[in-house]
2 protein chains.
Amino acid sequence: MKAEIIGIGTEILLGQVVDTNSAFLARELANLGIEVYYHSVVGDNTERLTSQLDTAMRRSDLVVMSGGLGPTQDDLTKQTVANYLGIPLVMDQTAMAKIDDYYHQTGREEAPNNALQAMYLQGATVMPNDNGMAVGNFYQQSDGADVMLLPGPPTEMTMMFNHYGRGLLEAAYHRNEFLVSRVLRFYGIGESLLVTKLSDLIDQQTNPTIAPYAKTNEVTLRLTASAEQEAKAKGLLDGMEAQIQARVGDYLYGYGDDNSLEAVVVAGLKDQQLTITAAESLTAGQFQSTLGNVPGVSTVFPGGFVTYSAEAKAALLQIPSEIIEKYGVVSEQTAVWMAKQAKKTLQTDIGISFTGVAGPEELEGQPAGTVWIGIAFKDQTPFGRLIHLAGTRDRIRERSVMAGLDLIRRQLLTLK
Amino acid sequence: MKAEIIGIGTEILLGQVVDTNSAFLARELANLGIEVYYHSVVGDNTERLTSQLDTAMRRSDLVVMSGGLGPTQDDLTKQTVANYLGIPLVMDQTAMAKIDDYYHQTGREEAPNNALQAMYLQGATVMPNDNGMAVGNFYQQSDGADVMLLPGPPTEMTMMFNHYGRGLLEAAYHRNEFLVSRVLRFYGIGESLLVTKLSDLIDQQTNPTIAPYAKTNEVTLRLTASAEQEAKAKGLLDGMEAQIQARVGDYLYGYGDDNSLEAVVVAGLKDQQLTITAAESLTAGQFQSTLGNVPGVSTVFPGGFVTYSAEAKAALLQIPSEIIEKYGVVSEQTAVWMAKQAKKTLQTDIGISFTGVAGPEELEGQPAGTVWIGIAFKDQTPFGRLIHLAGTRDRIRERSVMAGLDLIRRQLLTLK
């Protein structure tokens with residue numbers, strides 16, 4: 001089974017966007033036991049796309065393409081593939097109804113070419129777009145290479161692949177075996193250290209396979225086992241996971257593709273019926289906004305405070321001005337006061353605070369990346385935790401939020 | 001001048017590393033006026049690399065390759081190119097002395113293949129590696145495509161290109177012309193509609209060229225003009241921009257690659273010495289966190305409120321409970337009260353609020369995507385604006401924030 005990946009888009013060709021889709025797809029295909037021999041990128045140009053498609057269809061068994069499914073003149077992928085294969089495009093009524101609804105609901109002006117996004121190759125399996133409008137296609141041929149068409153925007157592409165594409169490929173190239181995967185999610189350990197600690201397991205991997213993947217601020221491992229029975233494949237996964245847990249289990253926070261540190265924290269809070277609030281300085285609302293990512297968070301999170309200036313800390317949280325004057329805003333004392341006053345004001349079980357230096361300038365003589373997190377947890381004595389972070393302003397703020405979530409997660413574990 | 005880029009490395013092919021080199025090189029070549037028509041990636045495999053090289057040399061005038069110049073068994077690029085072109089590899093004595101020195105100084109054991117890193121294609125210009133050991137090559141042919149070989153590690157590759165590669169290409173393909181670009185940023189209009197409104201300009205584009213690009217929640221256009229004098233190129237850009245402004249100027253919010261709606265809003269606030277606060281329900285701090293992306297925002301933003309629950313709206317903002325009971329949380333009245341109470345409590349010039357349905361469930365009988373934004377702007381009568389948004393929970397929250405920023409931007413323009 002030889003596959004290749006084609007990324008389509010002039011913005012990739014010109015280097016205005018880095019092509020992350022091809023790397024994602026290459027990893028996913030490898031996990032399915034499909035070997036990838038080539039990637040290529042072409043612009044939104046019929047002639048060159050046809051030429052690249054012809055090369056790919058002749059030398060591979062499966063061609064996976066992303067990009068060019070949108071509604072503009074530039075979006076030519078579907079039409080070009082249809083022409084090349086000599087089959088018509090037909091309309092998916094469900095997708096068309098969704099597009100019409102969108103314009104109806106939002107009152108926006110509908111561009112004439114929008115219907116193109118609902119069209120598919122006659123005979124293909126349609127993949128719905130759960131994060132956008134353009135549908136995907138999986139077209140199988142008895143006498144030629146198969147083609148999978150995916151949208152270009154990474155948020156749409158990854159969701160479509162996770163929800164539909166992977167399953168279609170598994171079913172199409174079924175090997176009389178059960179293929180079972182498990183994704184382990186780690187926070188607080190870098191990819192290189194994780195891989196070093198597991199290097200012998202990774203070097204010897206056959207079944208299960210182990211695929212590490214570094215995401216922003218976390219690392220995941222996808223374990224994939226195959227066996228004649230599903231239970232046997234799961235047993236293989238359990239055995240491998242136990243070995244991994246013994247070495248790096250302290251950093252394992254959760255499982256699954258659609259999971260996150262905030263989802264685990266919110267689930268833990270709901271589980272123990274605890275409410276939380278926050279007072280944020282350098283993160284300016286990003287911790288609370290991250291909690292807000294999780295549907296149904298309102299049962300454990302009433303709201304909180306953004307206290308960017310010293311005046312706001314005093315006005316909204318009634319922190320005694322002598323505390324800030326004596327210790328400074330970037331201090332354990334201020335962090336602890338912020339956390340406990342936030343908790344008290346909103347009468348929650350937990351208060352967390354963030355105060356520190358996002359940069360690029362230093363503050364109170366402390367360098368960018370110096371961050372205090374305060375925790376007021378139930379009846380326990382409030383405490384502060386100092387962390388030192390590297391990177392740009394955005395990264396420092398984002399990493400502060402992740403560190404705060406992990407502190408709460410670990411506190412919740414102590415109650416079990 | 002047609003160029004293409006080949007990335008070489010099994011780790012890229014398998015998706016373990018994202019290929020950022022190709023995007024860098026594509027941008028740099030575009031800036032030099034060299035058109036890039038294809039990117040491709042192949043593994044460290046002589047046969048497939050030769051096949052890809054052959055395709056590239058036949059269809060392009062310049063082939064830029066990165067990767068595979070190192071000392072390991074996997075590193076095959078230079079030997080493969082030498083074989084393909086039928087020319088020998090010879091040693092660069094300066095590079096070899098540098099390699100020997102390194103091993104002498106560090107006392108490390110020298111790998112047997114290290115000398116390979118100092119070899120170059122006979123007749124090529126050698127590019128020193130100021131951040132590593134493997135030299136680069138620029139090989140020009142009178143009767144075939146030119147080849148540039150660069151190392152794979154991005155820190156080595158970019159430095160070599162910046163120090164040597166760009167200059168060699170400029171000298172080789174000197175066009176006696178200035179190339180000037182300008183990026184226009186639009187909010188509130190989708191890519192498809194923007195492109196429709198400019199379709200004749202885009203169809204006729206020659207100089208300047210017009211490249212549209214949809215980013216998350218915004219669209220940019222990159223205009224690029226070339227002329228013998230810089231002033232003339234700028235004049236061409238001005239002329240094209242004036243035509244674009246006449247059609248879609250209302251959506252144009254700023255310029256430049258490193259810009260954003262929040263940066264424009266914060267600059268406008270500083271410019272007019274106005275302070276802002278926010279009360280956020282469905283966005284849960286994301287508006288304030290987005291303001292916090294901008295360095296130095298503290299002079300115009302003291303902090304604000306996350307009032308997710310009705311209780312928090314009452315407790316933190318003293319909104320009369322009969323308002324919420326009578327009109328509901330998703331209402332103009334609640335939005336207006338949130339904005340004006342936030343402004344009053346923190347004594348700012350502007351208060352903005354967000355209340356609505358992030359989804360996936362409906363709220364108070366209103367569907368996901370129904371959002372009220374309240375604005376209390378200086379001494380003006382506070383008002384609410386209803387918007388209907390589509391997409392996932394994340395998208396709805398993110399788009400609410402963008403809509404709020406744009407409302408503030410437009411209010412600031414009325415003061416000018």
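## A walk through chains A and B

Start by selecting domains 2 and 3 of chain A: their centres, taken over C-alpha atoms, are 32 Å apart. What you have open is a predicted model, where local features need pLDDT of at least 70 and side-chain atom pairs count only at pLDDT 80 or more, while totals for chains, interfaces and linings use all residues. Residues are numbered from 1 along each chain as its sequence is written, chains are lettered from A and ligands numbered from 1 in the order in which they are written, and side-chain values use heavy atoms, with hydrogens and water left out.

**Stop 1: the domains of chain A**

Colour residues 2-172 as domain 1, 178-255 as domain 2 and 261-414 as domain 3. These bounds come from an automatic or database domain assignment.

Now zoom in where domain 2 of chain A meets domain 3 of chain A. Seven residues of domain 2 are in contact with ten of domain 3 (contact means heavy atoms within 4.5 Å). The buried area here is about 790 Å², with 52% of it from carbon and sulfur atoms. Buried area is the accessible area (1.4 Å probe) that two parts lose on being put together, summed over both. Which residues of domain 2 lose the most area to domain 3? Select A:Tyr187, A:Asn217 and A:Tyr253, which together make up 74% of what the domain 2 side buries.

Next, show the side chains of A:Asp250 and A:Arg410. They meet in a salt bridge, at 3.2 Å from N to O. The rule for a salt bridge is a side-chain nitrogen of Lys or Arg within 4 Å of a carboxyl oxygen of Asp or Glu. Across this domain interface the rule finds one salt bridge. By class, the domain 2 side that touches domain 3 has four nonpolar residues, two polar and one charged. In this scheme Ala, Val, Leu, Ile, Met, Phe, Trp, Tyr, Cys and Pro are nonpolar, Asp, Glu, Lys and Arg are charged, and the others, Gly among them, are polar.

**Stop 2: a link inside chain A**

Select A:Glu218 and A:Arg185, whose side chains form a salt bridge at 3.0 Å, N to O. A:Glu218 sits in strand S11 (residues 218-227) of chain A and A:Arg185 in strand S9 (residues 178-186) of chain A, so the pair ties together parts that are 33 residues apart in sequence. Helices (H or I, at least four residues) and strands (E, at least two) are DSSP runs, numbered from the N terminus. Over all chains, the salt bridge count comes to 28.

**Stop 3: where chain A meets chain B**

Bring chain B into view. Here 69 residues of chain A are in contact with 70 residues of chain B. The two chains bury about 5,400 Å² between them, 56% of it on carbon and sulfur atoms.

Then pick strand S14 (residues 303-307) in both chains. The two strands run antiparallel and are joined by five bridges. Strands pair if DSSP finds at least two bridges between them. Click on A:Phe305 and you'll find its bridge partner, B:Phe305.

**Stop 4**

Most residues other than glycine have a negative phi, and most peptide bonds are trans. Now look for exceptions.

- The A:Asn207 to A:Pro208 bond is cis, with omega near 5 degrees; A:Pro208 is in the loop between helix H8 (199-204) and strand S10 (209-215) of chain A.
- A:Gly359 and A:Pro360 are also joined by a cis peptide bond, with omega about 0 degrees.
- B:Ala284 has a positive phi, near 50 degrees.
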